[in-house]
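This briefing goes through one protein structure by topic. Please keep the sequence and the 3D view open while reading.

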Amino acid sequence: MRSVEEQQARVAAAAVAPRPVRVAIAESQGLMCAEEVVTERPMPGFDQAAIDGYAVRSVDVLSVGDGAGEISLPVMGSIEAGARTPSRLQPRQAARVQTGAPMPTLADAVLPLRWTDGGESRVRILRSVRSGAYVRRTGDDVQPGDVAVRAGTIIGPAQVGLLAAVGRDRVLVHPRPRLSVMCVGGELVDVSRNPGTGQVYDVNSYALAAAGRDAGAEVNRVGIISTDPGELRETVEGQVNRNEIVVIAGAVGGAAAESVRTVLSELGEMEVARIAMHPGSVQGFGQLGRDRVPVFLLPANPVSALVVFEVMVRPLIRLSLGKRQPMRRVVQARTLSPISSMAGRTGYLRGQLMRDQDTGEYLVQALGGAPGASTHLLATLAEANCLVVIPSEVDEVRTGETVDVAFLAQRG
């Protein structure tokens with residue numbers, strides 16, 4: 001029986017990031033930048049007012065508050081944000097300016113409105129201002145030649161804004177890997193139909209497709225596929241040729257699964273093995289097609305399939321996205337109830353992670369690991385926000401003991 005770590009290493013070795021593509025910056029959020037974005041012009045590109053007020057020469061208002069009496073300056077006009085006509089300030093003059101307006105020549109500071117009487121033709125000055133105050137100088141944010149967004153940076157709202165600010169409408173990124181999800185099983189019907197005797201809804205293609213999107217993949221849910229050898233080969237070969245990762249649920253265990261594996265073996269290397277984990281011990285992995293695309297065979301049980309996806313498939317998606325840390329965040333938590341696991345296998349058991357408001361300590365309530373509990377209840381998986389990871393050498397965890405917990409963070 002192969003260890004979880006050994007199987008994960010085999011899967012990780014097959015990770016191939018899709019070739020970088022150039023996309024509109026509006027479509028780049030959440031993707032990893034694949035180039036050094038170097039600015040060609042300063043930002044801001046001109047001296048501009050940082051607030052609404054009056055542009056002045058600071059030397060003209062230095063004596064305010066020094067006993068020199070009241071100072072007032074004539075207002076030579078108003079400059080709005082976006083004004084394109086150059087203006088020049090004469091000594092002992094002021095200009096009304098809006099936030100973002102270009103500073104007139106000779107002006108080196110902006111007097112906030114609250115430091116004046118707000119006059120229109122002439123303004124009374126209540127406080128002095130130092131040179132450079134409330135002015136955004138040319139290149140304060142970015143100078144030509146500066147790197148605005150570095151390769152390897154995950155593009156978020158701030159990066160999108162910065163790309164727009166430096167005049168980039170497109171950027172080179174590592175695209176989302178394309179993931180195809182399909183299921184086999186004569187008992188399956190789609191959720192749009194009423195199941196007959198002996199039939200069940202196709203849960204896996206929907207659940208696994210959602211898990212793929214959550215991991216960051218571009219998902220194609222194929223749904224239920226035929227097990228007829230010719231049709232099966234045509235379907236799988238087509239998906240392998242247009243995707244970076246393929247997942248087939250229901251293809252381990254039973255005579256039908258054996259026939260599926262026979263067909264897949266004609267397309268490349270495929271191995272079904274027992275992995276020292278539960279649930280989902282029996283699983284398959286191989287590389288098919290001319291590009292040796294990673295293909296996973298998952299159990300038919302929805303809980304087992306989702307756990308195997310979480311442990312094996314999700315890290316591969318994250319690696320293909322260029323993530324340096326493909327695994328979930330793991331914290332240590334104190335158990336609130338006893339947990340039973342299977343000796344010799346690493347347990348991935350459902351749980352609810354909480355935090356003590358007074359101490360900040362993490363607490364976990366097992367949902368599927370109590371002694372005698374079933375590991376195949378989908379309802380409890382839906383309630384879980386974490387997986388409790390029990391080492392293979394441990395079969396019982398007592399209340400109050402500390403365990404590792406993988407936090408299943410939800411995107412909100």
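The model is predicted, so local features need pLDDT of at least 70 and side-chain atom pairs count only at pLDDT 80 or more, while totals for chains, interfaces and linings use all residues. Residues are numbered from 1 along each chain as its sequence is written, and side-chain values use heavy atoms, with hydrogens and water left out. Helices (H or I, at least four residues) and strands (E, at least two) are DSSP runs, numbered from the N terminus.

**Sheet**

- Five strands make up an open sheet with mixed pairing, in the order β8-β5-β7-β6-β9; two strands pair if DSSP finds at least two bridges between them.
- From one strand to the next, the twist averages 40 degrees (axes are lines fitted to C-alpha atoms, for helices over the stretch in contact, and angles run from 0 to 180 degrees between N-to-C directions).
- Strand β6 (residues 71–79) runs antiparallel to β9 and is joined to it by four bridges.
- Opposite Leu73 stands Val123 in β9.

**Helix α4**

- Helix α4 (residues 229–242) has 14 residues and spans 20 Å from its first C-alpha to its last, close to the 20 Å expected at 1.5 Å a residue; the expected span is 1.5 Å times one less than the number of residues.
- Leu232, Val236, Gly238, Gln239 and Val240 are the buried residues of α4 (buried means under 20% relative accessible area, exposed over 50%, partly exposed in between, with a 1.4 Å probe and protein chains only).

- Met43 and Pro44 are joined by a cis peptide bond with omega of about -5 degrees, and Pro44 sits in the loop between β3 (37–38) and β4 (48–49).
- Another cis peptide bond runs from His278 to Pro279, with omega near -5 degrees; Pro279 belongs to the loop between β19 (277–278) and β20 (282–288).
- Tyr134 is not a glycine, yet its phi is positive, about 60 degrees. Tyr134 lies in the loop between β9 and β10 (135–136) and is partly exposed at 30% relative accessibility.
- Arg292, also a residue other than glycine, has a positive phi near 50 degrees. Arg292 is in the loop between β20 and β21 (293–298) and is partly exposed, at 38% relative accessible area.

**Salt bridges**

- The whole structure contains 17 salt bridges, each being a side-chain nitrogen of Lys or Arg within 4 Å of a carboxyl oxygen of Asp or Glu.
- Glu35 and Arg22 form one, with their closest N and O atoms 3.1 Å apart. Glu35 is in the loop between β2 (32–33) and β3 and Arg22 is in strand β1 (residues 21–24), so the pair ties together parts 13 residues apart in sequence.
- Glu35 is buried at 15% relative accessible area, whereas Arg22 is partly exposed at 42%.
- Asp190 and Arg221 meet at 4.0 Å, N to O, in a salt bridge. Asp190 is in the loop between β14 (188–189) and β15 (200–201) and Arg221 is in strand β16 (residues 218–224), 31 residues apart.
- Arg233 and Glu266 form a salt bridge at 2.9 Å, N to O. This pair links helix α4, which holds Arg233, to the loop between α5 (255–265) and β18 (268–274), which holds Glu266, 33 residues apart.
- A network of salt bridges links Arg2, Arg10 and Glu271.
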